[in-house]
Amino acid sequence: NKLKGQQEIFLSNVNYNMSFVVNTKGETHLVVKDWLEVSLENAKIKVIFSREVKTEPVELFELNVAMGCLLPIKEEFLKDSNWKIDELNKEIKEDKRILSGLISRVSLLISQITSSYGQSPIITPPNFIEQKSDESSK
C-alpha cells in the first residue's frame, strides 16, 4: 500500500436548488449520478466524491453534494514520478475503505437536506453508482 493510514475528510460543495413547480403533468423520476475526481497535491492524493440528485423530466429540485479526502503518500513512494491519474482513479474506486466513508456521509447529507421542508427524506444508496455507457456520454 502506498498510502499512510490517516486521511483528512472535508466537505467540498453543497448546492441545492428547489423549483416551486405547482403543476406537473406526467411522471417524474429521480436521477442519481456519481463521479469521482482524483488529483495529486503536495504529497497527498486528493479525492472528491460528488453525487447529483434531481428529478426528470420536470426539475422539482437539483442537489449536488461533494465530500473529499486527502490521503498522504508514504515517503518511499513520493519519489515515484509515474503516478497516473487514471490508475489512481481506478484504485480509489476499488478501495471500498476510502470511498465508503465519503459516500455514506454524502448520502446522509442528501437525506437531511431533502427532508428540510418536512418531506420524507430521499435516501440514496451508500455505494458508487456507475453510469451506463449511453448515459456517461451526456
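This report describes the nonpolar core, the aromatic pairs and a surface patch of a predicted model.

The largest nonpolar core has 27 residues. Those with the most contacts inside this core are Leu36, Ile45, Val47, Phe49, Leu71, Ile92 and Leu99. At least two core residues come from each of strand S2 (29-41), strand S3 (44-56), strand S4, helix H2 (85-94) and helix H3. Helix H3 gives the most, with 7 residues.

Leaving aside residues up to four places away in sequence, Phe49 touches Asp34, Trp35, Leu36, Val65, Ala66, Met67, Leu99, Leu102, Ile103, Val106 and Phe128.

Aromatic rings come next. The distance of the centres and the angle of the planes describe a pair of aromatic rings. In the whole structure, 2 aromatic pairs are found. One of them joins Tyr16 and Phe61: the ring centres are 6.1 Å apart and the planes stand at 55 degrees, so the pair is tilted. Because Tyr16 lies in strand S1 (residues 8-18) and Phe61 in strand S4 (residues 61-72), the pair ties together parts that are 45 residues apart in sequence.

The table gives the accessibility of the two partners.

| Residue | Relative accessibility | Class |
|---|---|---|
| Tyr16 | 26% | partly exposed |
| Phe61 | 10% | buried |

Phe61 counts as buried because its value is under 20%.

The last topic is the surface. Met18, Phe20 and Tyr117 make a nonpolar surface patch of about 370 Å². Of these residues, Tyr117 is placed in the loop between helix H3 (96-114) and helix H4 (133-136).

Technical notes. Residues are numbered from 1 along each chain as its sequence is written. This is a predicted model: local features need pLDDT of at least 70, side-chain atom pairs count only at pLDDT 80 or more; totals for chains, interfaces and linings use all residues. Side-chain values use heavy atoms; hydrogens and water are left out. Patches are made of residues with over 30% relative accessible area and no salt bridge: like charges are joined within 9 Å, nonpolar side chains (Val, Leu, Ile, Met, Phe, Trp, Tyr) within 5 Å. Accessible areas come from the Shrake-Rupley method with a 1.4 Å probe; for residues, only the protein chains shown count as cover. A salt bridge is a side-chain nitrogen of Lys or Arg within 4 Å of a carboxyl oxygen of Asp or Glu. Helices (H or I, at least four residues) and strands (E, at least two) are DSSP runs, numbered from the N terminus. Rings of Phe, Tyr and Trp (its six-membered ring) pair if their centres lie within 6.5 Å; planes under 30 degrees apart count as stacked, over 60 as edge-to-face and the rest as tilted. Buried means under 20% relative accessible area, exposed over 50%, partly exposed in between (1.4 Å probe, protein chains only). A nonpolar core is a set of buried Ala, Val, Leu, Ile, Met, Phe, Trp, Tyr and Cys residues joined through side-chain atoms within 4.5 Å. Contact means heavy atoms within 4.5 Å.
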